[in-house]
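Please read them with the structure open.

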Amino acid sequence: MPHQQILSLTTQPRATRDITAAVAEVVRAAGIDCGLAHVFVQHTSCALLITENADPDVQRDLETVFARLAPDGDPAYRHNLEGDDDMAAHARSALSAVSLTVPVGGGRLLLGTWQGIFLWEHRAQRHTRRVVVTVMG
């Protein structure tokens, strides 16, 4: 029987938030020994990623890379209804992922030693984001 829960998470501007423990808790509550955990963010200006959880410089450097790929206030952008970061945030979201799937084994996430699941805010303001976690097995 699938198990689903929506997490409501507050982000910091242009930062990542480690949500591994919150997703792991949903997996634990599902009581599924072997299967998949699907994680989906219900927004168009943030993303999910699996990346290193040991050195926070990795997340800072990813932000630097994305600032170069999708700069705020580019005069070529037409969509700027919510400010200079509006279209840049949508572009960053399109270049990253809005969903992830992680294997579940032994009732837990089968992430690698240095892997964590992160919610990545692409806007220049904090937001409350909804993340749907569905566990199937």
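How many bridges join strand 5 to strand 6?

1. Strand 5 and strand 6 (residues 108–109) are antiparallel and are joined by 2 bridges. That is enough for pairing, which requires that DSSP finds at least two bridges between two strands. Val104 faces Leu109 of strand 6. The hairpin of these strands has 2 residues between them, and Gly106 in the hairpin has a positive phi near 60 degrees.

2. A note on the basis of these points: this is a predicted model, in which local features need pLDDT of at least 70 and side-chain atom pairs count only at pLDDT 80 or more, while totals for chains, interfaces and linings use all residues. Residues are numbered from 1 along each chain as its sequence is written, and side-chain values use heavy atoms, with hydrogens and water left out.

3. Strand 5 (residues 99–105) also pairs with strand 3 (residues 34–41), in the antiparallel sense and over 7 bridges. Here Leu36 lies opposite Pro103 of strand 5. Strands (E, at least two residues) and helices (H or I, at least four) are DSSP runs, numbered from the N terminus.

4. On the cysteines: the search of the whole structure gives 0 disulfides, a disulfide being a pair of cysteine sulfur atoms within 2.5 Å. Cys34 counts as exposed because its relative accessibility is 56%, whereas Cys46 is buried because its relative accessible area is 0%. The classes are buried under 20% relative accessible area, exposed over 50% and partly exposed in between (1.4 Å probe, protein chains only).

5. The count of aromatic pairs is 1. Phe66 and Trp120 make a tilted pair, with 4.6 Å from centre to centre and 55 degrees between the planes. The rule takes rings of Phe, Tyr and Trp (its six-membered ring) with centres within 6.5 Å; planes under 30 degrees apart are stacked, over 60 edge-to-face, and the rest tilted. The pair links distant parts of the chain, 54 residues apart: Phe66 is in helix 2 (residues 57–69) and Trp120 in strand 7 (residues 115–121). Phe66 is buried, at 10% relative accessible area, and Trp120 is buried too, at 3% relative accessibility.

6. Helix 2 also holds Val65. Val65 counts as partly exposed because its relative accessibility is 40%.
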